Amino acid sequence: MPEIQKQFDSAVIGGGVIGCATAWRLAQAGMKVVVIERGEVGREASHAAGGMLVPLAEADDADEFFHLCVASRAMYADFARELQEASEISVEYRTEGTLYLSLTDEDDEELERRWHWQHAAGLNVKRLKADCARKLEPLVNDKLRWALKFPDDHQVNNRLLIQALYLAAQKAGVVFQTQTEVERLMIESVAGQKQIVGVATSQGEIRAKTVIVAAGSWSSLLKTESETLLPALKVEPVHGQMVSVTMPAPPVNHIIYSCRAYVVPRLGGFLIAGSTSDKFGFEKQVTAGGVTSIIERAREILPGFGDLAITETWSGLRPRAADKLPVIGQDRMVQGLVYATGHYRNGILLTPITAKAVSDIVLKGESSVFLSPFSPARFPLE
């Protein structure tokens, strides 16, 4: 990196959807921004995800995290449209909705619970008889008892999303420094206050007035001079595997859930099924047991799934904080150090609202998004 480019307004650590979207927003506001990525842009959790925007299908109750997810989902139509205008890439934002199937007695209990609290809360959830659900998706299991439909739970193609964000950010002037490890955060004392002044990397020092930690599963490995950054943060990698198969005929149009699995249709003739959840550290692997498990559970939803040709298998690492909530906000001790990490299974869904919240903090000193439950200050100092 030429010497003239080593001074920035903001340095974003991590080139996934969260980091790229935040960098894009900051660059749109006129800031000079660099994204520092240890590998290639968007090749970790952003690449491995399913692209589902399904807060209602996955919610157990209407807590603050649920409200954050719903608010981000509500931003997606405009976000996708703006992103396509900026990048000329469609992210395949699809609005057919999500079906949730009941296939057993235990499923009945789970879906009844979801139906009652969401219906009572006035949320957009529909209760469908089995024959109505089959009219929407003729290939579902004949054992279907009934289903819930979530018309507002949508999807995007996550791989196109990261491509679009990368290009839009570049067009806005963001500099990308890939294959670059962040070795330590550079912190100085200014008028008695700890202040971030940049990062030391494997390619040299980069100075910045603000540093945004969007490093996903690697966030807790960042260090200052000799100490691990916020050890209590404990963002850890949770390994997941996925399988893609050719689209059956007639094609599947909705995201379809059971209590044990999900399938996601993709434009271009593919159907994605997932997923597993394991702890393999930072090792990514596709296992025979994982693929077998995914296929068996997907066959519960679509009995013909096992006859479809496998087009791809892959795995990824979801960044999970100790309490399973995202970590978004200003560091309590170091001015100019901001977090946007720990999104676990909802990084794609939470991209628009996280980018807004973090860019607001950097640009205005505070955000209109309610972030208290997700603040890094919730973790004890060790």
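These are my notebook entries on what I looked up in this predicted model.

**Ground rules**

I am working from a predicted model, in which local features need pLDDT of at least 70 and side-chain atom pairs count only at pLDDT 80 or more, while totals for chains, interfaces and linings use all residues. Residues are numbered from 1 along each chain as its sequence is written, and side-chain values use heavy atoms, with hydrogens and water left out.

**Entry on the sheet**

I looked up the strand order and found an open sheet of eight strands, β5-β6-β4-β13-β14-β15-β12-β16, with mixed pairing. For my own reference, strands (E, at least two residues) and helices (H or I, at least four) are DSSP runs numbered from the N terminus, and two strands pair if DSSP finds at least two bridges between them. The strands of a sheet pair through backbone hydrogen bonds, either parallel or antiparallel.

Which strands stand at the edges? They are β5 (126-129) and β16 (310-320), and because each has a single partner strand, one side of each is left without a neighbour in the sheet. From one strand to the next the twist averages 25 degrees; axes here are lines fitted to C-alpha atoms, for helices over the stretch in contact, and angles run from 0 to 180 degrees between N-to-C directions.

Helix α5 (residues 105-120) touches β4 (98-102), β5 and β6 (146-150), and its direction makes about 35 degrees with that of β6. Helix α8 (residues 288-301) also packs on the sheet, where it touches β4, β12 (236-246), β13 (255-257), β14, β15 and β16, with its direction at about 60 degrees to that of β12.

**Entry on β14**

I then followed β14 in both directions. Towards β13 the pairing is antiparallel over two bridges, Tyr257 has Tyr262 of β14 as its bridge partner, and the two strands form a hairpin with four residues between them. Towards β15, five bridges join residues 262-266 of β14 to residues 270-274, again running antiparallel. Within that pair Val263 stands opposite Ala273, and Arg266 stands opposite Phe270. β14 and β15 form a hairpin with three residues between them, and Gly268 in the turn has a positive phi of about 100 degrees.

Is β14 covered on one face or on both? Both faces are covered, with Tyr262, Val264 and Arg266 on one side and Val263 and Pro265 on the other, all of them buried. Buried means under 20% relative accessible area, exposed means over 50%, and partly exposed lies in between (1.4 Å probe, protein chains only).

**Entry on helix α7**

I looked up how α7 (residues 158-171) meets α1 (residues 17-28), and their axes come within 9 Å and cross at roughly 30 degrees. That makes α1 roughly parallel to α7, since angles under 35 degrees count as roughly parallel, over 145 as roughly antiparallel, 65 to 115 as roughly perpendicular and the rest as oblique. The contact is made by Val17, Cys20, Ala21 and Trp24 of α1 with Leu161, Ile162, Leu165, Ala168 and Ala169 of α7.

The axes of α4 (residues 64-87) and α7 also come within 9 Å, crossing at roughly 55 degrees, which makes α4 oblique to α7. Among the residues making this contact are Tyr76, Phe79 and Leu83 of α4 and Leu161, Ala164 and Leu165 of α7.

**Entry on cysteines**

My search of the whole structure found zero disulfides, a disulfide being a pair of cysteine sulfur atoms within 2.5 Å. The sulfur of Cys69 is 19 Å from the closest cysteine sulfur, in Cys259, and so too far for a bond. Cys69 counts as buried at 3% relative accessibility, and Cys20 counts as buried at 0%.

**Entry on the loop between α4 and β4**

Ser90 lies in this loop and counts as partly exposed at 34% relative accessibility. Not counting residues up to four places away in sequence, Ser90 touches Gln84 and Leu160. Ser90 and Glu110 are 20 residues apart in sequence and 36 Å apart in space, C-alpha to C-alpha.

Glu96 is found in the loop between α4 and β4 and is partly exposed, with a relative accessible area of 30%. Leaving aside neighbours within four places in sequence, I found Glu96 in contact with Lys149, Asn253 and His254. Glu96 and Asp152 are 56 residues apart in sequence and 8.2 Å apart in space, C-alpha to C-alpha.

How values were computed: Contact = heavy atoms within 4.5 Å.
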